Structures are given as C-alpha cells and as structure tokens.
Amino acid sequence: MKILAIGNSFSRDATAYLQQLLTDCGVENTIVNLYIGGCPLERHWRNIEQNRADYEYQRNGQIVERRVSIQQALTEEEWDIIVTQQASHDSGWIESYEPFLGKMLDYIREKQPNARLMLQ
C-alpha cells in the first residue's frame with residue numbers, strides 16, 4: 001500500500017508512525033507526507049499552479065533532506081491513497097475549501113486516476 005499525504009502538521013502527526021504500524025500488521029507499505037506547516041488548501045492549489053517545490057519530503061515517518069513539488073510526488077510513485085488536508089485555522093469554514101479542493105482533486109485524478117482520494 002502506498003499512501004501520499006499533502007498537508008501540514010496534522011498530516012505529519014498522522015503519518016509519523018503509520019508506516020511502522022502497518023508493517024507490524026504485515027502490510028507492505030510506503031508512506032510519504034508532503035509537509036508545509038499550517039498550509040491551507042488555497043496554498044496547496046497555488047503550489048500546483050506554479051509547480052513550486054516548497055514541500056518538505058517525509059518518507060515513512062522520517063524527514064528526507066529534499067524539497068519537492070506536488071507534481072514530482074505524483075509522478076514518482078503510483079499511489080493507492082492520496083490524502084489532502086485543510087489547515088486547522090480554516091477547517092471550520094466551508095467556504096475556504098472551494099474552489100481549491102475541487103481543483104486539487106481534479107488535478108490529482110488526472111495524474112493518479114487509480115488512487116483513492118481522501119480528506120483529513
């Protein structure tokens with residue numbers, strides 16, 4: 001199972017031990033988190049539009065000395081699950097999700113049509 005998270009501190013927390021937990025359960029896996037602290041959906045979308053390599057790359061709970069764009073991460077692996085995340089300060093405001101989440105999901109579906117998409 002290959003999981004890609006595009007998020008912030010919440011996705012960092014959610015993925016920190018996930019690889020080891022799945023391994024302990026006998027599930028072969030790769031977990032990657034694209035991290036920008038406090039990053040809202042609007043900035044994720046702008047990063048896609050500008051192909052910005054602003055994300056700290058975290059693989060299997062470890063920080064890798066590497067910056068990547070969402071485009072890079074989407075082309076490096078065939079992902080089973082891709083999780084997006086809104087920043088906590090905007091998460092209670094439904095109007096902060098659109099049009100950015102919809103645009104992100106359309107883009108991700110185009111690049112990874114077989115991935116299951118989720119929102120954390």
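**Exercise 1. Which residue in β2 is the bridge partner of Lys-2?**

The model is predicted: local features need pLDDT of at least 70, side-chain atom pairs count only at pLDDT 80 or more, and totals for chains, interfaces and linings use all residues. Residues are numbered from 1 along each chain as its sequence is written, and side-chain values use heavy atoms, with hydrogens and water left out.

Step 1. Helices (H or I, at least four residues) and strands (E, at least two) are DSSP runs, numbered from the N terminus.

Step 2. The bridge partner of Lys-2 in β2 is Thr-30.

Step 3. Strands count as paired if DSSP finds at least two bridges between them; β1 and β2 pair in the parallel sense over six bridges.

Step 4. β2 also pairs with β3, in the antiparallel sense and over four bridges. Here Leu-34 has Tyr-57 in β3 as its bridge partner.

**Exercise 2. Determine how β2 is covered on its faces.**

Step 1. Buried means under 20% relative accessible area, exposed means over 50%, and partly exposed lies in between (1.4 Å probe, protein chains only).

Step 2. Six of the six residues of β2 are buried.

Step 3. Thr-30, Val-32 and Leu-34 are on one side, with Ile-31, Asn-33 and Tyr-35 on the other, and both faces are covered.

**Exercise 3. Characterise the surroundings of Ala-5.**

Step 1. Ala-5 is placed in strand β1.

Step 2. Its relative accessible area is 4%, so Ala-5 is buried.

Step 3. Contact means heavy atoms within 4.5 Å. Leaving aside neighbours within four places in sequence, Ala-5 is in contact with Ser-11, Thr-15, Val-32, Asn-33, Leu-34 and Val-83.

**Exercise 4. Locate the backbone features at Asn-51, Asn-60 and Pro-99.**

Step 1. Most residues other than glycine have a negative phi, and most peptide bonds are trans.

Step 2. Asn-51 has a positive phi, near 50°, and is in the loop between α3 (41-50) and β3 (55-59). Its relative accessibility is 45%, so Asn-51 counts as partly exposed.

Step 3. Asn-60 has a positive phi, near 55°, in the loop between β3 and β4 (62-68). At 25% relative accessibility, Asn-60 counts as partly exposed.

Step 4. The peptide bond from Glu-98 to Pro-99 is cis, with omega near 15°. Pro-99 is found in the loop between β5 (81-84) and α5 (100-111).

**Exercise 5. Identify the rings over which a charge sits.**

Step 1. A charge sits over a ring if NZ of Lys or CZ of Arg is within 6 Å of the ring centre and within 35 degrees of the ring normal.

Step 2. Arg-12 lies over the face of Tyr-35, at 4.8 Å from the ring centre.

Step 3. The charged end of Arg-66 sits over the ring of Tyr-57, 4.6 Å from its centre.
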